[in-house]
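Q: Could we go through this structure together, one point at a time?
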Amino acid sequence: MPGTRRSGLLALGGIVLAAVLATVGHLEVNDDLDPWSLTVSDFAVSDRGGVIDTAMAVLAAASLVLLPSLRRAGAGRVPLALLTAWSAGLLAAAVVPTNEPGTPMDTAAYVHRYASVLSFLALPVAGWLLARHPVAGAAAWLRGLTVASLVLAAAMIWSAYPGDRALLGLIERALILTETALLTTLALQLARPGTAARGVIPARGA
């Protein structure tokens, strides 16, 4: 179906653009910032309203582009709602800044934190549910990326609390890459010719 394929291609373009912007944002920040221990949000707050925030907003938009096509292909309401939550959390995290590294957290920083947590957890659960009704045979990839995302999310929680932020930045970046790969898998499958016509996601179920 042309609309479904177009949505997949548009989402892929958005994902690539977001990746380029995030890379540029990392290269342009202060050299004193350590990517091994500081999160992407710590980098973004040093250049408020800069390319990293823009990258997050672009990735949120790319995710939303997939929703109508997934619905037409038969995806259930629960995974669609979770994908919406992922996008909303990502956009909120882009708009509401965290605190500067080493300073006490304020209300905005807590909003940013829990919006990020919502995103990080919503997307892999959505991926797992969609894998039950595979998108053009991508079930194994979706399950694998979901498990990897949840393991990395657990590692990030450990690092943020009892682990004294050990390798927190590295773990978070691995988690972001894994979840972006999950999103890319969905977009790639929808971009394949004839995806909606083949009815690759059965209409019943989650």
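Q: Where is Glu172 placed?
A: Glu172 is in helix H7, residues 168–191; helices are DSSP runs of H or I with at least four residues, numbered from the N terminus. This is a predicted model, in which local features need pLDDT of at least 70 and side-chain atom pairs count only at pLDDT 80 or more, while totals for chains, interfaces and linings use all residues. Residues are numbered from 1 along each chain as its sequence is written, and side-chain values use heavy atoms, leaving out hydrogens and water.

Q: Which side chain of opposite charge is nearest to Glu172?
A: That is Arg173, 4.4 Å away. Glu172 is buried (under 20% relative accessible area, with a 1.4 Å probe and protein chains only; exposed is over 50%, partly exposed in between), yet it has no salt bridge. A salt bridge needs a side-chain nitrogen of Lys or Arg within 4 Å of a carboxyl oxygen of Asp or Glu.

Q: What does the side chain of Glu172 reach?
A: The side chain of Glu172 reaches the backbone nitrogen of Val40 at 2.7 Å.

Q: How many residues of H7 are buried?
A: In H7, 17 of the 24 residues are buried.

Q: New topic: how many salt bridges does the count come to?
A: The count comes to one salt bridge. The side chains of Arg165 and Asp42 form it, at 3.3 Å from N to O. Arg165 is in the loop between H6 and H7 and Asp42 is in helix H2 (residues 40–45), 123 residues apart.

Q: Is Asp42 buried or exposed?
A: Asp42 counts as buried, because its relative accessibility is 7%. Arg165, at 37%, counts as partly exposed.

Methods. Helices (H or I, at least four residues) and strands (E, at least two) are DSSP runs, numbered from the N terminus. Lys and Arg count as positive and Asp and Glu as negative; His and the chain ends are not counted. A polar contact is a pair of N or O atoms within 3.5 Å; within protein, one must be able to donate a hydrogen and the other to accept it, and residues adjacent in sequence count only if both atoms are side-chain atoms.
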